[in-house]
Amino acid sequence: MRSVRNTMKVARWEVKRNIKNKSYIIGLFLTPAIFLFFFMAPTIFGGSDDDSSTTTVFVQDQLGVYEMLEETVNQAEFPWDMQQTDIAESEIGSALADAENTAYVILDDRVAESGTVPVYTSEGVGQSFSGQLQALAGPLQALQLQQLGLSEEEMAAVTQGVNFQETTAEELAAGDGGTTETSEGGISGMMLERLVPGAFAGIIMLSIVFSGMAIFQSASQEKKDKIAEIILSSLTPNELMQGKIIGYFLLGLIQVAVFIAVVLPLAIWRLDIPVLEYLFVPELILLVGIAILGYLLFATIFVGIGATMADISTAGNFQGMVMMLPFLPFIFIGPVLSNPTGLMAQVGTYIPFTSPGVILLRLATMEEWPWIEIVIALAILVVSVWIFMKLAGKIFKTGILMYGKNATPGEIWKWIRA
Amino acid sequence: METMLAVEGLGKSFKNKEIISDITFDVRKGEIMAILGPNGAGKSTTIRNIMGIMYPDAGTITFQNNAAQEIPRHKIGYLPEERGLYKNVKVMDILLYLAELKDYPLDKARERALEYLKKFDLEGKEKVSVEELSKGMGQKVQFIASIIHEPELLILDEPFSGLDPVSQELFKKEIRLLAEKGTAILLSSHQMNLVEEMADRLFLIHRGQKVIYGTMDDVKTEYANFKCTIRGRNERAELERLPEVQRVEQEEDRSILYLSKDVQPSVWLKNLPDHLVIQELSIDRISLHEIFIDIATDKNMLKEAGEISA
């Protein structure tokens, strides 16, 4: 009983001292702001009727795709006056200086190499322009894929994902002879029902993964400030560790709450779908549960690793690699989206580090849930969380008192075995 | 006097190297008990074992004759040797947090915090962020944190390190006051002169083992023999032949004669030979500081003294 009380004291303290911290508060509101900027900007400002002045778009085309792009633009009826140019990239700066509502688009090898298209805009180019630019992504991506040596069929499969036209998706599914079972790209009502709670759980997980990384900071700060021994004269290392995990979990939830308070009303207002109706479905409980398990896993790993390090800037290779673990699921995004029941998707489901992210991704895109896989994955996840809690406890106990020096993997191994 | 802490046969090794062995002492209510020793002697290891931050390989630690396993953390105040505070928080916030961890009522803690901040010349600093404090101020806040919950047993590991003389005096006064009010105090130090003035009993440790343990007065009469310092060129052999002289140390024209325990200084002085060259002569007791240096540098003065008294 006292142990629980001590844990909660630490948790309360971590919450309190972060909430009073300026950088936390700024981050709290900056995260949804950035999210809004990147994801809502095209939707909010993208309407072709709210910005009718014509933009002069010069295309410096080294790839011979000008006509293809012109066709795309014409179809989309963008207010663009498209022209070809062979101005050197270095001279664009001076050309733009006295131009108005003008943009330069450079199409060269960089499209294929890094998938980037340099775009230079002058004054007076509206925000809707960047949204319109996205329309060019499709044809250019096709070109990029062509250069990678994909067959027409493969290309069609991938590029179709960007093209949100239901009819084309159906045609494609028919043409592919059932090799891909999913309804790519096409967002139907059924899909949204899954997608909305999935996205919600994803936001929860991302937020708490980031706050989990703050745990790492906090544990290593404890060492840097040399306060650990004072704190440990009042409670046990386990109570301190658990308190930190719970405290940062609460901080993560606060972040989620702020995020939702800002984003949800906008989403309901702008998106033409009953977001709330889709959000509060029974499946949400499972999805949120998975997100929380994911948090616990990374939080315990981070709190343990944080305790082995005197300073974040001196992180060794080993610690650096562990820090990258939460980003592992990103490797699976491509394969899982293209085939949610494929081998990669299944492998990702069973690896504890990628499991929460991959399951959320799969559940959000699949209509029939693979219940057996979910149950096995959850079991693996729960057991992993338990094991990592034990390990982190051992590492934390010794590491937190080792001031001024980072532990080597060898030392960490010894503490675990002790 | 009630025993607040009893340590018996404490031993701890790292990597097969014995850090401390067979350490036995106790700390009683209302007394200041000092653990003394050079750097690396095992003082902090002993204290960390008491605090449950390390686990001893051998021996027992008992609090208030209570054989229960649990350390009564709420009754103990602890100032570790390696210490610091959270940086980006306010002074009052951290003091209240540490009091809360000890389950001490917060309103009382706030009152005591203000009172002590005033006492330590930190009045008005309660809303200042810890990172803005100077090192000395930080030390004072740490000290306040260790006593804010009115501990019955106060353990201070090198409380004076890094303090200026004024703050040292302040700490000394406060520690003495706490002892008078009945707090049992265990403090470690390598500053003999500070301890000599304030400790009731001391435990001298070297290389993890007990060297001396007893009350300050006993230790002084037992170990602090007379020594006679003579300035003037004299034959070392002749000085060594003088009665009651155990050992002679010579450095240029200065000779220090360590006298045996039972010497009567007045009689001994009268019997000094006439031809001795004496430009200056002084006779005084060996200070604890010298005993300490002696042990730390592995001379054998104390050993001889010990043998003689044995």
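**Exercise 1.** Which residue in β9(B) is the bridge partner of B:Leu204?

*Solution.* This is a predicted model, in which local features need pLDDT of at least 70 and side-chain atom pairs count only at pLDDT 80 or more, while totals for chains, interfaces and linings use all residues. Residues are numbered from 1 along each chain as its sequence is written, and chains are lettered from A and ligands numbered from 1 in the order in which they are written.
Step 1: Helices (H or I, at least four residues) and strands (E, at least two) are DSSP runs numbered from the N terminus, and two strands pair if DSSP finds at least two bridges between them.
Step 2: Strand β8 (residues 201–206) of chain B is joined to β9(B) by 6 bridges, and the two run antiparallel.
Step 3: The partner of B:Leu204 in β9(B) is B:Ile212.

**Exercise 2.** Describe the sheet that contains these strands and the helices that pack on it.

*Solution.* 
Step 1: In chain B, the order β5-β6-β7-β3-β8-β9 forms an open sheet of 6 strands with mixed pairing.
Step 2: β5 (76–79) and β9 (209–215) of chain B each have a single partner strand and stand at the edges, so one side of each lacks a neighbour in the sheet.
Step 3: From one strand to the next, the twist averages 10°.
Step 4: Helix α5 (residues 165–180) of chain B packs on the sheet by touching β3 (32–36), β6 (153–157) and β7 (184–189) of chain B, and its direction makes about 150° with that of β7(B). Contact requires C-beta atoms, placed from the backbone, within 7 Å; axes are lines fitted to C-alpha atoms, for helices over the stretch in contact, with angles from 0 to 180 degrees between N-to-C directions.
Step 5: Helix α7 (residues 216–223) of chain B touches β8 and β9 of chain B, at about 110° to the direction of β9(B).

**Exercise 3.** How many residues does each chain bring to the contact?

*Solution.* Chain A brings 15 residues and chain B 20 residues. On the side of chain A, α1(A) has the largest share, 3 residues.

Conventions. Two residues are in contact if their C-beta atoms, placed from the backbone, lie within 7 Å.
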